Amino acid sequence: MGRIAIIGGGVVGLSTGIALLDAGQAVVLVDDDDAGQAASWGNAGHIAVEQVAPLASLSLLRSVPRRLFVRGGALDFPLSAIGTWLPFGLRLMAAARPARFRQGSDALRGLLARAMPAWEALVDRIGAPDLLRQDGHYVQWSDADVAAAGRAAWEAADIGTAQVGDVSAADLSRLSGLTSAPAAGAIRFAGSGQISDLGALRHALRAAFVARGGEIVGRCATAIRDGARVVAPGIDADRVIICAGVRSRPLMEALGHRAPMIAERGYHIRADATGWPADLPPVVYEDRSMIVTRYADCVQAASFVELGRVDAPADPRKWDRLERHVAELGLPVRGPFTRWMGCRPTLPDYLPAIGRSDRADNLFYAFGHQHLGLTLAPITARLMAAIVTGTEPALPVAPFDIGRFA
């Protein structure tokens, strides 16, 4: 067999490329994101093994009014994008029905149970074990009543292989020392983790890919039909894998697949890390829907679920609100801030699309990982390597077949 072309060089595409090279395949990766601005490299860095329940749920739908951006929440439906988010929302409501929700939870649970071991193996293979930290994360609240309700909700939730427990007195004191007012309550998760530096992860994955004989072509790619097969024009390859994140939708739909994916846009601000403890795991300020993560040389605050168009301009009010949250909490995070916005690739049932096309036998795909792209990249790569090489995947992939939207 000839080479495999992977379209998209985010964390899923790079991880898949490395897995295929390790399986003896020849791989070329096509990626025009020279500056590393994709969602893979601007997220919260959280290995979120606890997020078993898909966001397509009845409980989420009931909570929409109080989560709206105009009411101080993190969820926004820009009026200018109503033609995008309204059809998506209708499909999400259908996916939130109890039977569909249970099926989605079961499928995600299987992936997430293998996520951390897959990460451990990947960072070891690329010679960068220090990039993975497995010291959990905190969830903190500023109001006692909200804290009690939040703690009860997490204790009742399906969190897969993660565990949730009380924080120690020392931990609570440390968390309270970061804010102008003492924490009203906090819990600590075990079993989750973080990437210590997303930029370093990108460089390590790209270096490992090239060291194994992979080729990176720095340009925008497309895929077209050539009779019964798919080709990437200008790329010498006989198999194609679409891993282009939110831009996978037009590629897949041009090839005859329905991929009703939306750009679920998130925002972050970053500042110099001085003043934030280097060894502190991520902290979720849940009553502000904000997660703060320390990386090697910066501290980042991230939030928002803005359902909109890929090409719409960023909304500066989101960055302003993040800066206001930081100031009101009294966090030791000082500007100047750098600002970023990225598009999470989200399908209506909040499950990824992983599989082989039934329209062309040389077309494969892995995209639509919503908030879990970083978490699920290495296990997705293992599944893709099995699918492409014709071996048995580690778990059933039928729930992730894009044909579910046909």
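**Close-up views of a predicted model**

**View 1. Strand E20 is largely enclosed by the rest of the structure.** Strand E20 covers residues 363-367, and five of the five are buried, so the rest of the structure largely encloses this strand. The model shown here and in the other views is a predicted one. In a regular strand, side chains alternate between the two faces of the sheet. In E20, Leu363, Tyr365 and Phe367 point one way. Phe364 and Ala366 point the other way. Residues on both sides of E20 are buried.

**View 2. Strands E13 and E19 pair with E20.** E13 (residues 239-242) runs parallel to E20, and three bridges join the two. E19 (residues 353-356) runs antiparallel to E20, with four bridges between them. Which residues stand opposite Tyr365 of E20? In E13's pairing with E20, that residue is Ile242. In E19's pairing with E20, Gly355 stands opposite Tyr365. E19 and E20 also form a hairpin, with six residues between them.

**View 3. Asp31 is a buried loop residue.** Asp31 is found in the loop between strand E2 (27-30) and strand E3 (46-47). Is Asp31 buried or exposed? Its relative accessibility is 8%, so Asp31 counts as buried. A polar atom of the Asp31 side chain lies 3.2 Å from the backbone nitrogen of Asp33.

**View 4. The buried residues of helix H3 line one face.** H3 takes in residues 82-95. At 1.5 Å a residue, its 14 residues should span 20 Å, and the C-alpha atoms at its ends are 20 Å apart, which agrees. Trp85, Phe88, Leu92 and Ala95 are the buried residues of H3. Seen down the axis of H3, these buried residues fall within an arc of 70°, so they line one face of the helix. An α-helix has 3.6 residues a turn, so residues three or four places apart point the same way. Gly83 and Leu90 are exposed, on the face of H3 turned away from its buried side. What covers the buried residues of H3? The cover includes two helices, H2 (58-67) and H4 (98-113). It also includes strands E14 (262-272), E17 (298-308) and E18 (338-346).

**View 5. Cys298 and Cys343 are buried cysteines.** Cys298 has a relative accessibility of 10% and so counts as buried. Cys343 is buried too, with a relative accessible area of 14%. The disulfide count comes to zero.

**View 6. The backbone has a cis peptide bond and two positive phi values.** Most peptide bonds are trans, and most residues other than glycine have a negative phi. Gly335 and Pro336 are joined by a cis peptide bond, with omega about 10°. Pro336 has its place in the loop between helix H10 (316-329) and E18. Phe304, in strand E17, has a positive phi, near 85°. Phe304 is buried, with a relative accessible area of 4%. Gln370 also has a positive phi, about 45°, although it is not a glycine. The loop between E20 and helix H11 (373-389) holds Gln370. Gln370 is buried, at 8% relative accessible area.

Terms used. Residues numbered from 1 in each chain as written. Predicted model: local features only at pLDDT ≥ 70, side-chain atom pairs only at ≥ 80, totals over all residues. Heavy atoms only, no water. Buried < 20%, exposed > 50% of the residue type's maximum accessible area, 1.4 Å probe, protein only. Pairing = 2+ DSSP bridges. Polar contact = N/O pair within 3.5 Å; in protein donor to acceptor, adjacent residues only side chain to side chain. Expected span 1.5 Å × (residues − 1). Arc of directions from axis to C-beta. Contact = heavy atoms within 4.5 Å. Disulfide = S-S within 2.5 Å.
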